[in-house]
Amino acid sequence: MSGTHEGIDVGYVAKLACIDLTDEEKALFQGQLDQVLHYVEQLNELDVADVEPTAHAIPVFNVFRKDELGASLPHDAVVANAPSATDGQIRVPKIIDQ
Amino acid sequence: MEYEATIGLETHIMQKTNTKMFCGCKYEYGAEPNTHVCPTCLGYPGALPVMNEKAIELICKAGLLLGCEINPYSKWDRKNYFYPDMAKNYQITQADEPLCLGGAVTVEVEGTMKTFTLERIHQEENAAKNTHVAGASLVDYNRAGTALMEIVSNPCMHSAEDALAYMTAVKQIMQYGGISNCDQEKGQMRSDVNVSVRPVGQKELGAKVEIKNMNSFAFIKDAIEYEIERQIAVLESGGKVDQETRGYNPDRGETFIQRTKEDAHDYRYFPEPDLMPVKISREQIEAWRAELPELPVQRRERYVTELGLPEYDAGVLTADKATSDYFEATMAHAKNAKAVSNFIMGEMMRLLSEQSLPISESKVTPEKLAEIIALIDAKTISTGGGKQIFETIFNEGGDPKAIMEAKGLAQVSDDSALEGWADEAIANNPKPVEEYKAGNAASINFLMGQVMKASRGKANPGAVMQMLKQKLDA
Amino acid sequence: MADLNKLTISELAEKLAAGDCTSVDIVNDVLAAIDATDAKVGAYLTLDRADALAQAKAADERRAAGERNPMLGIPVAIKDLLNVKGQPCTCSSKILEGYTAPYDATVIAKLRSVGAVLLGRVNMDEFAMGSSTENAALGKTSNPWDLDRVPGGSSGGSAASVASDEAIVSLGSDTGGSIRQPAAFCGCVGVKPTYGRVSRLGLTAFASSLDQIGPISKTVKDSALILEAICGHDEKDSSSIEMEVPAFAANLPADPSLAGMKLGLPKEYFVEGMDPEVEKAVRAAVEHCRSLGAEIVDVSLPNAKYAIAVYYIIATAEASANLARFDGIRYGMRLDGKDPAELYGKTRAAGFGPEVKRRIILGTYVLSSGYYDAYYKKAQKVRTLIRDDFTKAFEQCDAILSPVTPTPAYLKGEKTADPLKMYLDDILTTPINLAGNCALSLPCGFASNGMPIGMQIIGDAFQEDTILKVGHAYEQTTDWHKSRPAL
Ligand SMILES: [Mg+2]
Ligand SMILES: [Zn+2]
């Protein structure tokens, strides 16, 4: 965003997000998102060099749980929710190692 | 031209926790698929993670054992990538603020001590298990979300031997520390290896090739050796090595390309909003440090300096934690360290390997071994008798004294009995007696033999010799 | 019928206690109202009548057994992104087709424990992404005050169901105004609690660091009553704050005086482009508060104008990861492919609507390599400035008054073509989510076209007590909340 943003490559980003877009969608989103990103550039007016970023609205630390067994789901509920299952396992198209 | 290889390891180790990193599901190897899963580790809508306190303790203790600095402030990040074994399609990990920083492992490689430095150790969550069937893959999420820590070394190794020694040392330390069982068959210790090669003298490192996800040390060694040769060959033939990710095929003994630099992932790390940062106080760190067990190197050292054992014995006894713990337990009841060491390295290891049992299952408990050794030292039984008792207990169990009685292994040292046999031997064997008196000292051995025979081996040889000498030299 | 559906929680609680009606009577009247008007309003996505009546019967038995509790037997409409065991949870998206929730959200478990009746599941913008409930894949919801207008969003069904007396009270969720804006558009009361006050477990996440569950009700007191039931620490939500829950309702004073109270008026909140009727109504409401004894002080929130830019970076970035789990593997819709990548691409293309795709792509982009610092990191820093503005402001006042939206409810389709224009309407509500504090929206007038206008009462973190008190005092002394749409 330094200066004017180089412009979003909607096709590339959609791939990253694993969403197949039609050409119409790509064209539509390209225009709309360029607009939004242009609007967002107003943040450049601000000098935030020594401002701490906020990741959590209310800062808290060290929220732990004891290493104790909690409830797991009934196996059949898990399988019932799965679009495809074989022998109690979730079935997916063959994974070719990345 | 001369080439130099540079190697760095990213070692993933599953911590010894009861439950997963961010949910209460049990970690159990080999359980029925998808029986230890919940909305959190399945990435269901609305599910949330909560940190497992024990996992944080274990990774910090691992860090202390490896000489890391514990980060007083660490945080969580999401690493985004789509893959069926990653339920949420992002992995919760630590990008810029890991729990442990720095650290080093010092280990002997082919006779010389080398120190391999660490960059960091960070906590993350494990992936699910994929198995491949005809035309499809099946996913079991039981392993998904289990506590996994990643030990990242600096690129400071230069040979497969270095890497092997490093991994062996890390494994041994993790086992001693009770951090992980590091059972490679169960995938509890897996490594990604980064290998690059450069002409000797060249400053900057060569292009880095990452070989992913190997658990067998043997394969890792082969993969590194193959990869070094491959890269040198490429350079020799005037080519250039590409930065890429490769896999290792153990059947062919080769690495193969998996991902080029071009289609490398864009992980889009950002702070995990569902988890709060971790702050660890000095006090907490010191409390954990106080609970750390003694490491093999330290034990080995102590066995030599304090117990006066030979280097060799100390090495054998500390090579494996179970053996070393057995030795420690025995020494709690025994004084004679060398005798204990001899029994463990001798009888114990022989019988264990014959019957392929772990030392934990030996019927000869540390207490019983200590008792056997005490009987030998008190000359109540001979060393041979002690070995008999040991083997008997190892096979059938039982109590050393009882077996000694039953087998009549106790030695006779009381003078009246010995005197009778001695006089008898002298009276019945004038010839050796003459020879002895004539100065042939060896002849006394014949008389000695007669006494032992008469006592059916129960006479204490030392006492017998003393008795005969008294009578003959008089 | 006795029109029990038209009453408030506190009125019904009295009748129930007095034995003048049963929970079953109430549910029957609510179901009748749904039958009569929901064909027009379109608030409900799913409704299990038998189950609702069974819950009502159980509540009546608990009462007969001596249990007393203001929520006992009160039907509550549930926004369709809260997990209720055994029910669908569509988030108004095709991609969750076939998913059955295997667990209860913490707020749902809490409502069960006080004996509330979980009524039906109401419509919303898909995955809470929108301000008009027009981005809903599974139903269209209209504003009960004018069926040609939007109910607001994303909790449009929650607001429309209460405004049309098709529910006594409802639960919504608010990430950038999604409770307060539809409450304002439909003439209801809505509360966005302090971040960490209500457990998010079981709330399908849009933007985890901004999301909060809250009520939409007919009166301030009703919101106070249900808040008492759903607030509280949850060890299963790391962002849930350990802090006891005040008796919100009991703490509301009978005397509607605001004497001794300082109410801040942020000049930046009367933005250009604001509908003059909205500004007029809110300024009148501010004067009314002055007449109740409050001291009105000027406060400044200089960085508020950056809220939209910051919000649409942070919210979409978090959403891009939160919605990655909707991949057709473990649950929901699946379009098959030759490999997982193809399955993902096709499933997510068919399963998500345009606004969701747009926001996922924006969020993916602002996190992508080379852009993180320029967008996400920078937005997090400006978020700090926005939070500091409120901290300073609350050193000068107890609560802040402002409009909720620049305009009253607009016509359907008016803004769908221009996302940025729709985003800009959130300018007055998003700063509160970014800062994490609490805010309340309540009716303060009507535009000449008859559409309700809302006033926002903003409180410091964990000061729900204060904003409820101010809202209650205003409500006690005005009649806006009593008007009902003619359906
Ligand atoms: Mg990793
Ligand atoms: Zn789980």
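1. Ground rules. The model is predicted, so local features need pLDDT of at least 70 and side-chain atom pairs count only at pLDDT 80 or more, while totals for chains, interfaces and linings use all residues. Residues are numbered from 1 along each chain as its sequence is written, chains are lettered from A and ligands numbered from 1 in the order in which they are written, and side-chain values use heavy atoms, with hydrogens and water left out.

2. Zinc site. The zinc ion (ligand 2) has four protein donors: the SG atoms of B:C23, B:C25, B:C38 and B:C41, at 2.3 to 2.4 Å. Donors are N, O and S atoms within 2.8 Å of the metal (3.2 Å for Na, K and Ca); water is not among the atoms, so sites may look incomplete. Along the chain the donors are spaced C-x1-C-x12-C-x2-C. B:C25 and B:C38 sit 13 residues apart, both in the loop between β1 (3-14) and β2 (51-52) of chain B. Strands (E, at least two residues) and helices (H or I, at least four) are DSSP runs, numbered from the N terminus.

3. Zinc geometry. The arrangement is tetrahedral because the four donor atoms subtend angles of 100 to 116 degrees. The test for four donors is that all angles lie between 85 and 135 degrees. B:C25 is buried at 0% relative accessibility. B:C38 is buried too, at 6%. Buried means under 20% relative accessible area (1.4 Å probe, protein chains only).

4. B:E124 is in strand β9 (residues 112-125) of chain B and B:E150 in strand β12 (residues 147-153), 26 residues apart. B:E124 is buried, with a relative accessible area of 5%. B:E150 is buried at 8%.

5. Helix α4 of chain C. This helix covers residues 106-113, and its buried residues are C:T106, C:V107, C:I108 and C:L111. They pack against β2 (75-79), β3 (117-122), β4 (169-174), β6 (212-217) and α7 (220-230) of chain C. Just after the helix, C:G115 has a positive phi of about 85 degrees.

6. Chains C and B. Here 39 residues of chain C contact 29 residues of chain B. Contact means heavy atoms within 4.5 Å. The buried area is about 2,600 Å², with 60% from carbon and sulfur atoms. Buried area is the accessible area (1.4 Å probe) that two parts lose on being put together, summed over both. C:S238, C:R325 and C:R330 supply 24% of what chain C buries here, more than any other three residues.

7. The rule finds one salt bridge. It joins the side chains of B:D274 and C:R200 at 3.0 Å, N to O. A salt bridge is a side-chain nitrogen of Lys or Arg within 4 Å of a carboxyl oxygen of Asp or Glu.

8. Chains A and C. In this interface, 54 residues of chain A contact 66 of chain C. The area buried is about 5,000 Å², and carbon and sulfur atoms give 69% of it. One salt bridge is found. The side chains of C:K357 and A:E25 form it (2.7 Å, N to O). On the side of chain A, the largest share, ten residues, comes from α2(A).

Methods. Tetrahedral: all angles 85-135°; square planar, octahedral: opposite > 155°, others 65-115°. Buried < 20%, exposed > 50% of the residue type's maximum accessible area, 1.4 Å probe, protein only.
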